[in-house]
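This briefing covers a ligand site, strand pairing and backbone geometry. Please look at the sequence and the structure first.

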Amino acid sequence: MAEQSVLLIVGGGIAAYKALELVRLLRKAGIGVRCILTRAGAQFVTPLSLSALSENKVFADLFSLTDEAEMGHIELSRASDLVVVAPATADLMAKAAHGQADDLASTTLLATDKRVLMAPAMNVRMWLHPATQRNLATLKSDGVLLVGPDEGAMACGEFGPGRMAEPEVIFAAIQAALAGPAARPLAGKRALVTAGPTLEPIDPVRFLSNRSSGKQGYAIAEALAQLGAEVVLVSGPTALPAPVGVSRVEVETAQEMLVASQSALPVDVAVLVAAVADWRPTQPAARKIKKFGAAPAPITLVENPDILATLSAQGPMRPQLVIGFAAETNDLDHNSQAKLARKGCDWVVANDVSQEGVMGGDSNTVSILSRDGVERWETADKGAVARRLAAKIAETIH
Ligand code: C5P
């Protein structure tokens with residue numbers, strides 16, 4: 001296959017330094033890079049750095065005769081598979097949204113018929129300004145793809161949304177955008193994934209929970225997104241970052257997880273990986289429970305809603321495919337078959353957690369049980385299990 005190639009427009013913001021790392025990642029993956037550096041961008045990074053890393057000439061000036069003779073602005077976009085703007089400043093976004101064309105970057109954005117991916121980067125108030133938000137809505141409806149911005153500390157000393165996504169995250173978004181439709185069999189499909197533990201309060205400082213790390217659920221959410229699905233990840237408390245292209249809803253209790261999961265409907269597939277606490281303290285104390293004398297106060301428990309069983313019986317809103325997980329320490333097949341029947345789901349992914357290191361570990365040995373029988377999969381890392389499961393889901397739903 002011919003080398004894929006990206007036209008990278010580097011705008012004028014402090015995040016431009018991250019564009020250098022992005023170019024390095026792209027070249028390492030064998031993706032060709034040509035750069036356009038705006039006048040403001042050149043205040044932050046030099047054409048020499050970009051040209052050394054991209055192994056290509058850097059373009060800057062619309063009215064340069066030699067540049068236009070070598071490769072004009074039309075040809076620049078024609079020769080690329082994707083146009084990436086990183087950092088996409090408020091000004092570049094405004095120009096692109098309004099079709100303004102007064103320099104090489106904005107003229108190229110107006111002249112291109114290739115897909116455009118923008119990684120916005122700006123001060124939090126500039127990002128939240130209604131003008132930028134209007135421009136963002138326009139760009140989205142024009143089909144511009146977006147990655148980020150992240151929320152966090154900014155070079156200007158403020159905190160909030162506006163930080164450019166990390167180079168690895170932009171790189172993953174570029175790879176997804178470059179992959180053709182065959183690589184995105186779940187495009188147009190919606191998926192719900194639950195992951196992580198739930199946390200059930202005893203009092204304002206204490207809770208009941210479990211050892212689920214969320215790794216397997218997060219890997220599944222990411223694998224489904226990579227195949228093109230629109231993914232809502234309803235997650236209990238974990239230490240994991242939200243996977244690229246997935247919208248995460250953070251919850252604590254099983255009851256909150258149920259509400260968030262039902263709000264995500266309708267979906268085509270629901271993969272319920274969360275280790276939901278079966279029970280919760282009946283009445284969490286409003287104040288911290290004190291240590292009175294010797295006898296500990298008993299904690300009475302009440303059963304939590306079963307999210308898997310509830311979604312499996314959701315009537316017309318039932319997802320086409322509902323998948324549950326079974327973490328068992330004994331009688332795996334028997335218990336998993338019973339679970340399939342009891343919960344009313346379509347598949348149960350069964351894993352034996354009696355072996356050390358599965359909970360919180362990086363690999364997993366699973367079997368897929370359906371009414372048609374059992375498929376046993378060899379031990380693989382959780383990412384590989386997730387990709388295989390996502391591929392099986394893509395073959396099954398239509
Ligand atoms: O009943 P058990 O907890 O073994 O079932 C595990 C499966 O059911 C997992 O898919 C889990 O996400 C789901 N589950 C649920 N709501 C509960 C309990 C389990 O969705 N309250």
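**Strand pairing, ligand site and backbone**

Strand E2 (residues 32-37) pairs with E3 in the parallel sense, over two bridges. Strands are DSSP runs (E, at least two residues), helices are DSSP runs (H or I, at least four residues), and both are numbered from the N terminus; two strands pair if DSSP finds at least two bridges between them. The model is predicted, so to speak of local features requires pLDDT of at least 70 and side-chain atom pairs count only at pLDDT 80 or more, while totals for chains, interfaces and linings use all residues. Residues are numbered from 1 along each chain as its sequence is written, and side-chain values use heavy atoms, with hydrogens and water left out.

**Sheet and hairpin**

- E2 and E3 belong to an open sheet of six strands with parallel pairing, in the order E3-E2-E1-E4-E5-E6.
- Strand E3 (58-59) and strand E6 (145-146) are at the edges of this sheet; each has a single partner strand, so one side of each is left without a neighbour in the sheet.
- Strand E20 (residues 366-370) and strand E21 (residues 373-376) run antiparallel and are joined by four bridges.
- Ile 368 has Glu 375 in E21 as its bridge partner.
- The hairpin from E20 to E21 passes through two residues.
- Strands of a sheet pair through backbone hydrogen bonds, either parallel or antiparallel.

**Ligand site**

- There are 13 residues around the ligand, of which Leu 272, Ala 274, Pro 305, Phe 325 and Lys 339 come nearest; a residue counts as near if one of its heavy atoms lies within 4 Å of the molecule.
- The shell around the ligand has eight nonpolar, one polar and four charged residues.
- Helix H12 (307-312), strand E17 (321-328) and helix H13 (332-343) each supply at least two residues of that shell.
- A backbone N or O atom of Leu 272 lies 2.6 Å from an oxygen atom of the ligand, and for a backbone N or O atom of Leu 308 the distance to a ligand oxygen atom is 2.9 Å.
- In the side chain of Lys 339, an N or O atom is 2.4 Å from an oxygen atom of the ligand.
- The ligand taken alone exposes 440 Å², and the protein buries 86% of that (Shrake-Rupley method, 1.4 Å probe).

**Backbone geometry**

- Gly 148 and Pro 149 are joined by a cis peptide bond with omega of about 0°; Pro 149 is in the loop between E6 and strand E7 (150-153).
- The peptide bond from Leu 265 to Pro 266 is also cis, with omega near 0°; Pro 266 is in the loop between helix H11 (254-263) and strand E14 (269-272).
- Glu 55, a residue other than glycine, has a positive phi near 60° and lies in the loop between helix H2 (47-54) and E3.
- Most residues other than glycine have a negative phi, and most peptide bonds are trans.

Note on methods: A polar contact is a pair of N or O atoms within 3.5 Å; within protein, one must be able to donate a hydrogen and the other to accept it, and residues adjacent in sequence count only if both atoms are side-chain atoms. Ala, Val, Leu, Ile, Met, Phe, Trp, Tyr, Cys and Pro count as nonpolar, Asp, Glu, Lys and Arg as charged, and the others, Gly among them, as polar.
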